[in-house]
Each structure stands twice: as C-alpha cells, then as structure tokens.
Amino acid sequence: MASTALEIIAFTVSISGWLLVSSTVPTDYWKVSTNDGTVITTATFWANLWKTCVTDSTGVSSCKDFPSMLALDGYIQACRGLMIAAVSLGFFGSIIALFGMKCTKVGGSEQAKAKIACFAGVVFILSGLCSMTGCSLYANKITTEFFDPLFIDQKYELGAALFIGWSGASLCIIGGVIFCFSISDNNKTPRMGYAYNGPTSVMSSRTKYHGGEGDIKTTNPSKQFDKNAYV
C-alpha cells in the first residue's frame, strides 16, 4: 500500500515537472533587457529559442524570427535540442510509468511492473537532466556576456522561462528518483508462505498413546462421546 502511494506521488511530481518543462520551450522571456528613461521604461528587449523581440512603452511588440537554423549560435542549437529531448523523454516516461504503476491493471506481474516503474524513473531523470543542462547552458551564456567588460552589444538578464525550466527539471528528477526507489520497496515486501498439513479428524485428535514405543491404545468410539459432546 505504501509503495502504491509512493508511485502515485512520484507520477504526480514527474508529470508536473514535465508540464513545466514543456511550457518553457515556447515561453517568450528566456532573456530580457530594458532601456529606462527618466520617467518610464522606453523599450524592453527579450528573446527565446525561436525569436528576438522588442516592446516599446506603448506595449507594441516587434519580433524577428531567427532566419536560419544553420546560422544560429551553437548554444541556441544545443538548447533547442536539449529541451526537445527533455519534452520527448518526459512524454515517453509518463506512458511507461502508467504500465509500471501498481494501481493500473496493465504491465504484467508485480515484479515486472516494478522494473517498468524503475525504467520510467530513469527516463524522467534523463528528461530532467536534459532540461537542466539546456537552461543552465543558456543562462551561462547570458551571465558570461553580462559580466564581460569587453562585450559591447546589448546585455541581457535571466528571464522567467529559465526559472520555470529549472523548477520543472528538478521535479522530473525528484519524481524519477522516487520511481527508482519504489522497486527496492517492492523487493523488501515480505512474502508469507502457508503449509498445508492435511485435514484433521476428531478420532485422530482423541487417540491416546499409552505404554511403550508403538503401543497405541484406543478407546471405543461409541464411548468417547457423552451427552455433553453434542451441546
């Protein structure tokens, strides 16, 4: 029962992390920068994995998609691949987890379902690691350019999408670890064995042994039972 509850918690945590990771990919604010005037913010620059945009003080945005995938910087291509891999692994991990959970009726025996659940945990951990690596790589590029005194182009700061991606990656890793520990709980579950000793009779229970070895003395069956035996 405890193992089943543990698997349900792991599945909920992992799915929540996968949804956060999936929502990070199309999110706008991976990096953001503002130009402040004397009274109001004159312009906000922001970018993600697919485009770069600028929003003026009136709220009008002007965006420009990246022209060519081959002409992109290497870190953007790497982040795209890692985030897409994270979303794909999380999707397959959720399906595998449904076959491995004890509360479902598919997947085979309990031992087979425990192995499937452990494998789903490994897939979720890989999904979290891919997302964590992609967001960290993007953040490292931003911080390197921000603190570089020789970098003269527009400097950006960390956007909200990176924090969402880190949170989702952490949940995927935590849920995957819980799934992996569920197989150890299943192996520790004690198995009770029952021995069948055969039927017992009233005559055999009332047989008396008297004298030496092998000397068996039995009483007359008709005199064994008095009137109190039938009450």
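In which strand does Thr 44 lie? Thr 44 is part of strand 2, which covers residues 41-47, where helices (H or I, at least four residues) and strands (E, at least two) are DSSP runs, numbered from the N terminus. The model is a predicted one, in which local features need pLDDT of at least 70 and side-chain atom pairs count only at pLDDT 80 or more, while totals for chains, interfaces and linings use all residues. Residues are numbered from 1 along each chain as its sequence is written, and side-chain values use heavy atoms, with hydrogens and water left out.

## The chain as a whole

The protein chain holds six helices and seven strands, and, read along the sequence, these follow the pattern α-β-β-β-β-α-α-β-α-α-β-β-α. Of the 231 residues in the chain, 30% are buried, a word that here means under 20% relative accessible area, whereas exposed means over 50% and partly exposed lies in between (1.4 Å probe, protein chains only). The chain exposes about 14,400 Å², and carbon and sulfur atoms supply 64% of this area, which was computed by the Shrake-Rupley method with a 1.4 Å probe; for residues, only the protein chains shown count as cover. Contact means heavy atoms within 4.5 Å, and among the contacts with a separation of 6 or more, 60% are between residues 24 or more positions apart.

## Strands and the disulfide

Thr 44 has a relative accessible area of 19% and is therefore buried. Leaving aside neighbours within four places in sequence, Thr 44 is in contact with Val 32, Ser 33, Thr 34, Cys 53, Val 54 and Thr 55.

Cys 53, one of these contacts of Thr 44, is joined to Cys 63 by a disulfide, with an S to S distance of 2.0 Å. A disulfide is counted for a pair of cysteine sulfur atoms within 2.5 Å, and by this rule the count comes to one. In general, a disulfide is a covalent bond between the sulfur atoms of two cysteines. Because Cys 53 lies in strand 3 (residues 51-56) and Cys 63 in strand 4 (residues 61-65), the pair ties together parts that are 10 residues apart in sequence. The torsion about the S-S bond of Cys 53 and Cys 63 is about 115°, so the disulfide is right-handed.

| Residue | Relative accessible area | Class |
|---|---|---|
| Cys 53 | 3% | buried |
| Cys 63 | 41% | partly exposed |
| Cys 103 | 47% | partly exposed |

Cys 118, by contrast with the bonded pair, is in no disulfide, and the nearest cysteine sulfur, that of Cys 180, is 4.2 Å away.

## Helices and the annotated regions

An unreviewed UniProt entry carries the annotation "transmembrane region" for residues 82-104, 116-139 and 159-183; such positions are given in the numbering used here, feature names are shortened, and annotations may be inferred rather than shown by experiment. Over residues 82-104 the chain is 83% helix and 0% strand, with the end C-alpha atoms 31 Å apart, and over residues 159-183 the chain is 96% helix and 0% strand, with the end C-alpha atoms 38 Å apart.

Helix 2 (residues 74-100) has 27 residues and reaches 38 Å from its first C-alpha to its last, close to the 39 Å expected at 1.5 Å a residue, where the expected span is 1.5 Å times one less than the number of residues. The buried residues of helix 2 include Tyr 75, Arg 80, Met 83 and Gly 90.

Thr 24 is in helix 1 (residues 2-24), and Gly 165 is in helix 4 (residues 160-187). Thr 24 is buried, with a relative accessible area of 0%, and Gly 165 is also buried, at 0%. Not counting residues up to four places away in sequence, Thr 24 touches Trp 30, Met 83, Ala 161, Ile 164 and Gly 165, while Gly 165 touches Val 21, Thr 24, Ser 131 and Cys 135. Gly 165 and Gly 134 are 31 residues apart in sequence, and their C-alpha atoms are 8.8 Å apart in space.

## The salt bridge

The structure holds one salt bridge, defined as a side-chain nitrogen of Lys or Arg within 4 Å of a carboxyl oxygen of Asp or Glu. This salt bridge brings together the side chains of Glu 145 and Lys 141, at 3.7 Å from N to O. Because Glu 145 and Lys 141 are four residues apart in helix 3 (residues 110-146), they are separated by about one helical turn. Glu 145 counts as buried at 17% relative accessibility, whereas Lys 141 is partly exposed at 31%.
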